[in-house]
Amino acid sequence: MENKKCNCGELRKENAGQKVCVNGWYENLRRVSKNLGFLILRDFYGIVQIVLESEEMLERLREINRESTLAVTGTVRVRSSKNDEMPTGEIEVVPERIEVLGRCKYEELPFEIRRSKEAEENIRLKYRYLDLRNPAVKDNIVLRSRVTAELRRRMEELGFLEITTPILTASSPEGARDYLVPSRNFPGSFYALPQAPQQFKQLLMASGFDRYFQIAPCFRDEDARADRSPGEFYQLDMEMAFAGQEEVFEVIEKVLPPVFEKYGKYHRVPSAPFCRIPYREALERYGTDKPDLRIKLEIQDVPPLLDKTYAKAVIAPQYEGSRKEIERCQKEIEVLTGNTVYWFRVKPDEKGELAFIGSVAKHLHPVREQFIQNLKLEGGELVFLALGDELGEVQKTAGAMRKVLGGRNPQYMDEDCYAFCWIVDFPMYEIGEESGKLEFCHNPFSMPQGGMKALMEKEPLDIYAYQYDLVCNGIELSSGAVRNHEPDIMVKAFELVGMCEEDVKKKFPAMYQAFCYGAPPHAGIAPGLDRMVMLLGGEENIREVIAFPMNKRAQDVMCGAPGKVSKEQLREVHIRVCDEMQ
């Protein structure tokens with residue numbers, strides 16, 4: 001009778017007595033005596049115990065290195081002692097034959113497979129194929145696959161059509177550095193990898209497609225962060241014709257909550273509609289346009305102190321931490337922001353009156369009563385203060401105070417939930433930090449609120465755009481906007497940042513021309529898939545949910561990219577590498 005082929009995770013006590021063949025990786029061997037040992041075999045689906053009851057079998061395993069792939073043929077039997085930590089813990093396989101399918105040539109591994117997440121990052125990435133054998137790492141990639149399939153299904157149910165857009169395209173100013181690809185046929189000319197399918201999806205709307213989506217690859221030459229992978233990332237890109245902000249919100253609020261409920265690590269997901277917070281209000285209340293609404297603390301205004309123009313406070317009621325813990329928080333905030341922060345505690349004195357104790361308490365004595373009334377202090381509070389002459393810097397520092405205090409203290413944070421919000425009403429323009437000139441604040445293709453009239457009559461910094469961000473647990477999942485589909489309004493919007501009509505035609509020839517043939521109002525958004533899966537899996541670093549990520553310096557240390565190429569290859573694309581230092 002032919003042996004039943006099984007995976008390592010499916011055998012149960014109901015299979016006792018069956019002849020089976022299981023394939024997998026040799027994970028570990030526990031040798032009990034000269035003629036008794038237990039081999040753990042692992043595959044994609046789980047692990048199973050192989051009991052070795054002969055000296056011959058054990059000697060055979062001595063010649064085989066761990067992580068070799070094996071085929072084990074034998075009989076399933078019920079174990080005498082059940083292991084509740086294994087799904088297959090009620091049975092074991094007694095082998096008749098063990099065959100080596102793929103031999104591991106190395107006795108020493110770069111890291112223990114099940115402890116690979118403890119290894120140094122570059123070592124993990126260099127041996128990523130071993131890292132992915134760790135079930136904890138593999139599970140994130142499985143999660144990503146299932147979430148992607150679920151998103152596709154839900155978008156199709158809502159009438160969206162998946163359309164792929166070009167990878168080789170033209171360079172355009174979209175906020176980050178392009179990856180450039182030299183052309184062989186056109187010396188001195190370059191393609192660019194798309195930072196996003198922005199122009200193509202808008203062109204699809206002008207072409208008569210009214211509901212587009214794509215699991216889209218995007219390429220940006222920017223530095224890594226915990227929530228941003230350098231080089232490339234993926235997003236659920238979507239666009240709708242004859243639609244505005246409300247229609248986009250409605251789609252996202254239908255698609256995402258069921259996915260987070262089904263696959264999320266946390267148990268509670270808000271139902272539609274998500275709360276909406278204007279951009280400037282978010283800065284005032286939370287010190288950031290990416291607020292983590294799980295944190296219950298908010299920023300409050302306080303009277304100016306120490307000759308500073310602005311002062312903000314974050315109050316932690318009934319704080320029970322030690323001075324050492326307070327100073328640890330203080331140091332962490334200062335490292336995050338580069339700014340000095342101050343604190344004091346509020347406690348009753350011998351007379352029962354509220355006294356301030358802490359690093360800045362002596363400076364507050366003249367305004368103590370004002371503080372107590374304005375901040376409604378009752379005793380037991382810890383108050384952190386941010387002071388400065390630049391409002392933006394003070395808000396940023398106060399936002400860090402809120403994040404650190406809330407994140408370190410469960411009493412101020414509801415950890416077991418996903419807290420979504422829309423940040424709306426972004427300014428259309430801002431003064432660039434580096435250039436000192438007027439620049440687009442968000443997406444240059446956005447429709448200004450008030451249209452042409454606003455562009456003609458308002459001060460640029462007072463103009464709002466139909467732009468919006470989707471934020472979850474302090475992570476920006478997506479940016480989106482109602483698009484500027486009117487050529488005249490588009491030209492005027494770019495004129496304010498120093499680009500004339502000819503510049504617009506040159507930079508965006510296809511889109512400008514297409515809109516001149518009559519384009520529908522349209523709007524879209526693009527939630528980041530990598531960030532979404534990171535949140536669902538409860539991971540702190542986005543590289544944990546990418547099969548083959550680059551390191552922090554945008555290097556593929558496994559395959560050796562970026563790398564040198566031959567002079568012949570360079571010659572074919574008309575490139576000469578020169579040393580600028582010469």
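The model contains an open sheet of 8 strands with mixed pairing, in the order β7-β10-β11-β23-β22-β21-β18-β12. At its edges stand β7 (161–162) and β12 (275–278), each with a single partner strand, so one side of each has no neighbour in the sheet. The model is predicted, so local features need pLDDT of at least 70 and side-chain atom pairs count only at pLDDT 80 or more, whereas totals for chains, interfaces and linings use all residues. Residues are numbered from 1 along each chain as its sequence is written, and side-chain values use heavy atoms, with hydrogens and water left out.

Some terms need a rule. Helices (H or I, at least four residues) and strands (E, at least two) are DSSP runs, numbered from the N terminus. Two strands pair if DSSP finds at least two bridges between them. Strands of a sheet pair through backbone hydrogen bonds, either parallel or antiparallel.

Opposite Leu470 stands Ser478 in β22. Helix α4 (residues 135–157) packs on the sheet and touches β7, β10 and β11, where contact means heavy atoms within 4.5 Å. The direction of α4 makes about 145 degrees with that of β10; axes are lines fitted to C-alpha atoms, for helices over the stretch in contact, and angles run from 0 to 180 degrees between N-to-C directions. Helix α6 (residues 245–263) also packs on the sheet, touching β11, β12, β18 (420–424), β21, β22 and β23 (522–525). The direction of α6 makes about 160 degrees with that of β18.

## The sheet of 5 strands

Another open sheet has 5 strands in the order β13-β14-β17-β15-β16, with antiparallel pairing. Its edges are β13 (299–301) and β16 (354–357); each has a single partner strand, so one side of each is left without a neighbour in the sheet. From one strand to the next, the twist averages 30 degrees.

Strand β14 (residues 310–316) pairs with strand β17 (residues 382–388) in the antiparallel sense over 7 bridges. Here Ala311 has Leu387 of β17 as its bridge partner. Helix α7 (residues 279–286) packs on the sheet, touching β13 and β14, and its direction makes about 90 degrees with that of β13. Helix α10 (residues 391–408) packs on the sheet as well, touching β13, β14, β15 (341–348) and β17. The direction of α10 makes about 10 degrees with that of β14.

Strands β15 and β16 run antiparallel and are joined by 4 bridges. Val346 has Phe356 in β16 as its bridge partner. The hairpin of these two strands has 5 residues between them, and Gly352 takes a positive phi near 85 degrees.

The helices α7 and α10 pack at an angle of about 60 degrees, with their axes 8 Å apart. That makes α7 oblique to α10, because angles under 35 degrees count as roughly parallel, over 145 as roughly antiparallel, 65 to 115 as roughly perpendicular and the rest as oblique. Leu283, Glu284, Arg285 and Tyr286 of α7 make the contact with Leu391, Gln395, Gly399 and Arg402 of α10.

## Pocket and cavities

On a 1 Å grid over the protein atoms alone, a cavity is a set of points where a 1.4 Å probe fits but cannot get out, and a pocket is an open set with protein on both sides within 12 Å along at least five of seven lines; lining residues have an atom within 4 Å of a point. Grid points are joined across faces, edges and corners, and a volume is the space filled by probe spheres set on the points. By this rule there are 2 cavities of 30 Å³ or more.

In the classes below, Ala, Val, Leu, Ile, Met, Phe, Trp, Tyr, Cys and Pro count as nonpolar, Asp, Glu, Lys and Arg as charged, and the others, Gly among them, as polar.

| Space | Volume | Lining by class |
|---|---|---|
| Second largest pocket | about 750 Å³ | 13 nonpolar, 2 polar and 2 charged residues |
| Largest cavity | about 40 Å³ | 7 nonpolar, 2 polar and no charged residues |
| Second largest cavity | about 40 Å³ | 5 nonpolar, 1 polar and 2 charged residues |

The second largest pocket is lined by 17 residues, of which Tyr179, Leu180, Pro562, Gly563 and Val565 lie nearest its centre. The largest share of this lining, 3 residues, comes from β8. In the largest cavity, strand β10 (residues 211–220) gives the most to the lining, with 3 residues. The lining of the second largest cavity includes Leu125, Arg128 and Phe548.
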